[in-house]
Amino acid sequence: MKKDLSRRSFLAGAGLVGVGAVAGLAGCAPQASSSESEGNGQGQADGDWRTPPDPITDIAETIDADIVVVGAGVSGCNAAYTAAESGAHVVVLQKEATCIANGMGVGAYGTTMQKERGDDWDVEEELNRWARESENRSNRKLVHRWAEYSGEVVDRMVRLCTGHENCEPILYDPGADTEYPDAWNFAYSGGVVFLGADQMKGVAQVITDEAEKLGADVYYSTPAVQLVRDGDGPVTAVIAQREDGSYLQVNAAKGVILAAGDYGADPDLRKEFMPHIEGLQTAYCTDTNTGDGHKMGTWVGAAMQKAPHAGNIHYDPGMPPSSSASGSGCPWLWVNLNGERFCNEDMSYGQIYAQGMNQPEFIHFQVFDANYKADVQAGKMGQGNQKNGPFPGFGMEFIDEYIENGEVLSADTLDELAEKMGVPADAFKATVERYNELNDLGEDLDFGKQAARLTYIKDAPFYAICRQPRLLCALGGLVINDRMEVLDEQRKPIPNLYACGNNSGDWFGGLEHPMVIPGMSLGRAVVTGHLAALSALGESY
């Protein structure tokens, strides 16, 4: 397996996710909020999302299946493959014309590659750290299921995807990254990354195609719109809508698995469950990620995880005005649109967005000088109060390309840089002067950043990178137990209904994805899909 991240992956963005580079960034001009911008699927919705629609009765066609999987992302594809591999008749209902998935890092424990390398970790302590970082609001049994089954599920993904050009699996080298030294066992030394043009979309498509080879029937452009349940009985069917507007009912003898993705493009759900990220645009959430699984489950009596729901919030998937240049977590000097410093820049990646949310247009700039390479080599770009090492995926060896396409601003004077940034020059220069004074003192008297992270800004050329946080996905869902069974308000299972991936709740607590187990968003998705299928098949585990 390859162990080196490619140049393409760096240009796609640092960290656990990536999108294409954004060209033509000029400064960091203010942009409309998500609810105002076109193309984000976040316009105002009408009505109460909890109110069930009238039952659909004009069914044009009815087919029978053992298991119906709603959604063909990374959780749905694994559910479909597991069920089809057992010999069950599986029907997959996919809203889009293809499989849809995002990101690239899959957190896992106990994979074959990890074992061969001799990795050895205190898993229970890592899970305890997860609980603490999740404000003790995550369901420990669920997280434990991930630790038990992630190795074998990811091994299967590696086996199925190896050799496919759109999803070549690699394993991170533990020597490359030191941001989360206690969690090397997961995203960086323990996570599997699938690289390629479509990254996780390619993975989902490959595994879905393999499920089809095993007999699964996949209906693309056929969104599920309603579940069928008679009173307190089991969920017996899913009603979907074809492209011509007609309705298809798929009866499910053994179970329905909700794997329909998050609600990042639904204004009502975001407002109710994620008010702390109000106004953020989504990085790559499609217009169709409208919480369909959450809504359909609720309409038949499912309980929703209590608010607030965590967000998976990153800077690196750049969309104008933000840069997609790597290193968004590096603790350089940060200044806002007023040219002022506003925080301790040395925070965990999962939390760095929080102070940025308080700034005009949610925007800040990272500012550094010609000595940035030496600062990295000296260990000044570690993050989150860790002692050593550069931020993972620093990638600034491509700085010339970033400058050429406008994603890194460069100037020979601070006045010129301020003009390119669009900030007041006098305020900006005063901020830089004060920052250099603090470096001289060897103590950050203003915000308390550890002295080892302070860097001078004295030598030309000077650089600035514009950053604006984006929501990758909403990490809250329906309440489930450790068999992925969906529960009602009395915490009783709804017969024949299961949830996985972003339709499953109580994995993440607090306001953001805890980064003590990076890659957990996708890691949890692939495992829950597999386990939901086993439960629907009636298998014990």
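Let me start with Arg 341, which is buried, with a relative accessible area of 12%; buried here means under 20% relative accessible area, exposed means over 50%, and partly exposed is in between, with a 1.4 Å probe and protein chains only. Arg 341 forms a salt bridge with Glu 345, and the closest N and O atoms are 2.9 Å apart. By salt bridge I mean a side-chain nitrogen of Lys or Arg within 4 Å of a carboxyl oxygen of Asp or Glu. Glu 345 counts as buried too, at 0% relative accessibility.

A word on what you are looking at: this is a predicted model, where local features need pLDDT of at least 70 and side-chain atom pairs count only at pLDDT 80 or more, while totals for chains, interfaces and linings use all residues. Residues are numbered from 1 along each chain as its sequence is written, and side-chain values use heavy atoms, with hydrogens and water left out.

Now the wider view. The protein chain has 15 helices and 17 strands; these are DSSP runs, helices being H or I with at least four residues and strands E with at least two, numbered from the N terminus. Of its 541 residues, 61% count as buried. The accessible surface comes to about 19600 Å², and 46% of that belongs to carbon and sulfur atoms; the areas come from the Shrake-Rupley method with a 1.4 Å probe, and for residues only the protein chains shown count as cover. Take the contacts in the chain with a separation of 6 or more: residues 24 or more positions apart account for 77% of them. Contact means heavy atoms within 4.5 Å.

Back to salt bridges, then. How many does the structure hold? There are 20 salt bridges in the structure. Side chains of opposite charge can pair when their charged atoms come close. In helix 7, residues 200–213, Lys 213 and Glu 210 lie 3 residues apart, about one turn of the helix. Their closest N and O atoms are 3.0 Å apart in a salt bridge. Lys 213 counts as exposed at 63% relative accessibility, whereas Glu 210 counts as buried at 18%.

Helix 13 has a pair as well: Glu 416 and Lys 420 both lie there, 4 residues apart, again about one turn of the helix. Their side chains meet in a salt bridge of 3.9 Å, N to O. Glu 416 is partly exposed, with a relative accessible area of 33%, and Lys 420 is partly exposed, with 37%. And our opening residue returns here: salt bridges that share partners join Arg 341, Glu 345, Asp 444 and Lys 449 into one network.

Next, please find the open sheet of 4 strands, which has the order 11-12-14-13 with antiparallel pairing. Two strands pair if DSSP finds at least two bridges between them. Which strands form the edges? They are strand 11 (333–335) and strand 13 (409–411), and each pairs on one side only. From one strand to the next, the twist averages 25°. Strand 13 and strand 14 (residues 462–467) run antiparallel and are joined by 3 bridges; Leu 409 has Ala 464 in strand 14 as its bridge partner.

Two helices pack on this sheet. Helix 13 (residues 414–421) touches strand 11, strand 12 (364–368), strand 13 and strand 14, and its direction makes about 155° with that of strand 13. Helix 14 (residues 425–441) touches strand 11 and strand 12, its direction making about 155° with that of strand 11. For these angles, axes are lines fitted to C-alpha atoms, for helices over the stretch in contact, and the angles run from 0 to 180 degrees between N-to-C directions.

Over to strand 2, residues 90–93. In a regular strand the side chains alternate between the two faces of the sheet. Both faces of strand 2 are covered: Val 90 and Val 92 on one side, and Val 91 and Leu 93 on the other, are all buried. Strand 1 (residues 59–70) runs parallel to strand 2, with 4 bridges joining them, and Val 69 has Val 92 as its bridge partner. Strand 2 is also joined to strand 6 (residues 217–219) by 3 bridges, and these two run parallel. Leu 93 stands opposite Tyr 219 in strand 6.

I'll finish with Thr 82, found in helix 2, residues 74–85. Is Thr 82 buried or exposed? Thr 82 is buried, with a relative accessible area of 5%. Leaving out residues up to four places away in sequence, Thr 82 touches Arg 156, His 530, Ala 533, Leu 534 and Leu 537.
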